[in-house]
Amino acid sequence: MGTGVTGQDPCMPSNYIELNEPWRNVQQTNDGTQNMCDNGFAGEWYRFTGAAGEAMPTQAPPSVHRCGTDAPMWMNGQHPTLADGEVSRQACAFWGSNTCRWDTTIQVRACSGGYFVYKLPATPVCSLVYCGAGAMSVDGGWSDWGSWSACSVTCGVGEQTRDRTCTNPAPANGGADCDGLAQETQACDTGVSCAVDGGWSDWGPWSDCSVTCGVGEQTRDRTCTNPAPAHGGADCDGPDQESQDCDTGVSCPDCSDLYPGLSPARTFRRYQDHCFWASARINGRLDYRAARQECESNGGTLALIKDPGVQEFINNHLKNGRGKRPWKYWIGLDDMNTEGEFMWNDGTPLGSYRNFRSDSAHVDMDCVVLRRTRRQSHWDPMDCGVSLPFICQFDYNVNQ
Ligand SMILES: [Ca+2]
């Protein structure tokens, strides 16, 4: 059998000649004016590549006048396998109605790179050409889907995608592209509730005026419920209440007009919704029980000092025109019911605001005075029988 150069592998690119002319492909027809001829071949090894195709056709071409010449040549027999090694085949030239009008013997072998090489002699006559045939087309096929991407959001419901590629196999030689989408999308629920920042409701209506005479105050509210903050969202910013002055248009009566039984009227002072009245220091002295009775018979009580505001008001009230001498007035606080347990005259317990000068032990049935020295005012327990001036307290209610 003929071989190439002894000892050289014809499958190696340096040992074969590429045939890649477009006209050489068996699908190329011509009108009979093109007359290529392979009579210059001399038994070299050849490989069909590129536009020429990748192998010789193993069936007669559909017609003559192909492959750039009049009588196209094809290989009469199957291609060998790798294991077959080098084989001989008949190459036929198609002319007229004879698919093998001329013939010659060629050598063929399969190469491990997936192609064939042919040892081709000069054609018997001209114009004959060894034809190439195109590779089979390969339709594309999808790869497996990739994994889903991370969800597009970190709370609530978002989206995720996955991809595939048209590479299994990739389309080749005019084969069809893959059909369908290369990416698909689905919803993904993070299972985490999104934080909701709070929002204010509308303001509610203004409240009634705080007073029934003179100028008072009224308020309106809003709530952080539109929406309420949730899942770590921010609270509403700003106040949930606002206030404004309200003028009743009604002149307020004096305390002395409301409680005409007490004199002198000039010692009445109003603080918030109460009137306070102090008896005269010289002529207005009574013991605790009598002082309490005097206040109550006029519709009030001895003064109930339950917060620092009232304490300061009474202190300032009594200070006016009283000089610098110390003074004492009964207020409505005593422990006559239970020793050591001070109660206000309205029946309420002492509570958290207390202004005793000291916590020293007291005698039975202590009654309490508001006492002012040069430096300060405070409370002192006293013998209830002592006669002292006193301070009454009355509701300031213009509707009574
Ligand atoms: Ca006591």
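Author: The protein has three helices and 19 strands, taken as DSSP runs (H or I of at least four residues for helices, E of at least two for strands) and numbered from the N terminus. Its radius of gyration, over C-alpha atoms, is 59 Å, well over the 21 Å that the globule rule (2.2 Å times the number of residues to the power 0.38) gives for 400 residues, so the protein is more spread out than a compact globule. This is a predicted model, in which local features need pLDDT of at least 70 and side-chain atom pairs count only at pLDDT 80 or more, while totals for chains, interfaces and linings use all residues. Residues are numbered from 1 along each chain as its sequence is written.

Along the principal axes, the C-alpha trace spans about 160 × 50 × 35 Å. An automatic or database assignment divides the protein into domain 1 (13-130) and domain 2 (255-395). Their centres, taken over C-alpha atoms, are separated by 131 Å.

Strand β13 (residues 274-278) has four of its five residues buried, so it is largely enclosed by the rest of the structure. Two strands count as paired if DSSP finds at least two bridges between them. Strand β12 (residues 268-271) pairs with β13 in the antiparallel sense over four bridges, and Tyr271 has His274 in β13 as its bridge partner. The hairpin of β12 and β13 has two residues between the strands, and Gln272 takes a positive phi there, near 55 degrees. β13 also pairs with strand β19 (residues 391-395), again antiparallel, over five bridges. Phe276 stands opposite Gln393 in β19.

Strand β17 (residues 366-372) and β18 run antiparallel and are joined by seven bridges, with Asp366 partnered by Asp383 in β18.

The loop between β18 and β19 holds Phe390, which counts as buried with 27 C-beta neighbours inside 10 Å. Residues are in contact if their C-beta atoms, placed from the backbone, lie within 7 Å. Leaving aside neighbours within four places in sequence, Phe390 is in contact with Ser279, Leu286, Ala291, Leu302, Tyr329 and Trp330. Leu286 is 104 residues away from Phe390 along the chain, yet their C-alpha atoms are separated by 7.6 Å. Across the protein, residues 24 or more positions apart account for 67% of the contacts with a separation of 6 or more.

A nonpolar core is a set of buried Ala, Val, Leu, Ile, Met, Phe, Trp, Tyr and Cys residues joined through C-beta atoms within 7 Å. The largest has 34 residues, of which Leu302, Tyr329, Trp330, Ile331 and Ile391 touch the most other members. At least two residues of this core come from each of β13, α2 (288-297), α3, β15, β16, β17 and β19. With neighbours within four places in sequence set aside, Ile391 is in contact with residues including Phe276, Trp277, Ala278, Ile314, Tyr329 and Leu370. A second, separate core of 29 residues has Val26, Val64, Cys67 and Met75 among its members.

For context, an open sheet elsewhere in the chain has seven strands in the order β1-β2-β6-β5-β4-β3-β7, with mixed pairing. At its edges stand β1 (17-19) and β7 (128-130), each with a single partner strand, so one side of each is left without a neighbour in the sheet.

Conventions
Contact = placed C-beta atoms within 7 Å. Buried ≥ 20, exposed ≤ 12 C-beta atoms within 10 Å, placed from the backbone.
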